[in-house]
Amino acid sequence: MPKNSFFRLDEARREEISNSAMHLFVDSPYEDITMKMVLDCLSMHPGTFYRYFEDKDDLYCLLIRNVAQKRAAYFNNSDEDSLFQFFLSGLFGSDTGNVTEPLNELEIKLTETFLYIPENILLKVYLNVLKGESFPLIKDILRRMRVDGYLRPDIDDDLISFMFESMQFNLVMFFREFNVKDSNLQHKISKYFVDFMGHGLLEDHKYSEIVRDIKKTKE
């Protein structure tokens, strides 16, 4: 992750760097991006860049963390209904296949680069960024679901949180392995796994109740 010197910059400058870098990573294949391209994009001297970041990967991880934190903040402030809908329908979108978080178009495109970045970078992002951001969020969702009476009494929060968290990474790997690029198909596959796991987590009467309410909403 970025060095402490980066976070000492004022917010406007950090945002300027992040937005410029997002355009670069969205518009160009990851492996084609050279340090010269990075420095030109940021209008930054090499010495200044390395004062803030270790390398290109470090910069990319920052961008993904920003998006992950933005999503987490949105769902942490959601009411229980939208939070539960989020849990049932997947960690990356709503049950209609549309992103429900307040991400802008550029941020959404950045998340789509997961399908194309080198596998070693994907693993680095998962281990160094997503794991730390999503695990606490999922545990909090489970806690709130338990308080509201949705969960079966024998659920272990740590185990289920880990399974959901790692599922994000494994689904991306599945899409890459079998060249699944169609976003609608990706969503259907993701929702299948979330529904499958969700049914095992919930009290039967609560699961039936929620599914019935979702169907009514769609109609």
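Reader: Leaving aside its neighbours within four places in sequence, which residues is Tyr60 in contact with?
Author: Tyr60 contacts Phe25, Tyr30, Leu110, Thr113, Phe114, Ile117, Ile121 and Val125, where contact means heavy atoms within 4.5 Å. This is a predicted model, in which local features need pLDDT of at least 70, side-chain atom pairs count only at pLDDT 80 or more, and totals for chains, interfaces and linings use all residues. Residues are numbered from 1 along each chain as its sequence is written, and side-chain values use heavy atoms, with hydrogens and water left out.

Reader: Where is Thr113 found?
Author: Thr113 lies in the loop between H7 and H8, these being helices (DSSP runs of H or I, at least four residues, numbered from the N terminus).

Reader: Is Thr113 buried or exposed?
Author: Thr113 counts as buried because its relative accessibility is 10%; buried means under 20% relative accessible area, exposed over 50% and partly exposed in between, with a 1.4 Å probe and protein chains only.

Reader: And what does Thr113 touch, leaving aside neighbours within four places in sequence?
Author: Thr113 is in contact with Phe25, Val26 and Tyr60.

Reader: Turning to the largest nonpolar core, which residues touch the most other members?
Author: Among its 58 residues, they are Phe25, Leu59, Tyr60, Phe114 and Val125. Such a core is a set of buried Ala, Val, Leu, Ile, Met, Phe, Trp, Tyr and Cys residues joined through side-chain atoms within 4.5 Å.

Reader: Which helix gives the most to this core?
Author: H8 does, with eleven residues. Other helices supplying at least two residues each include H2 (11-27), H5 (56-76) and H10 (183-201).
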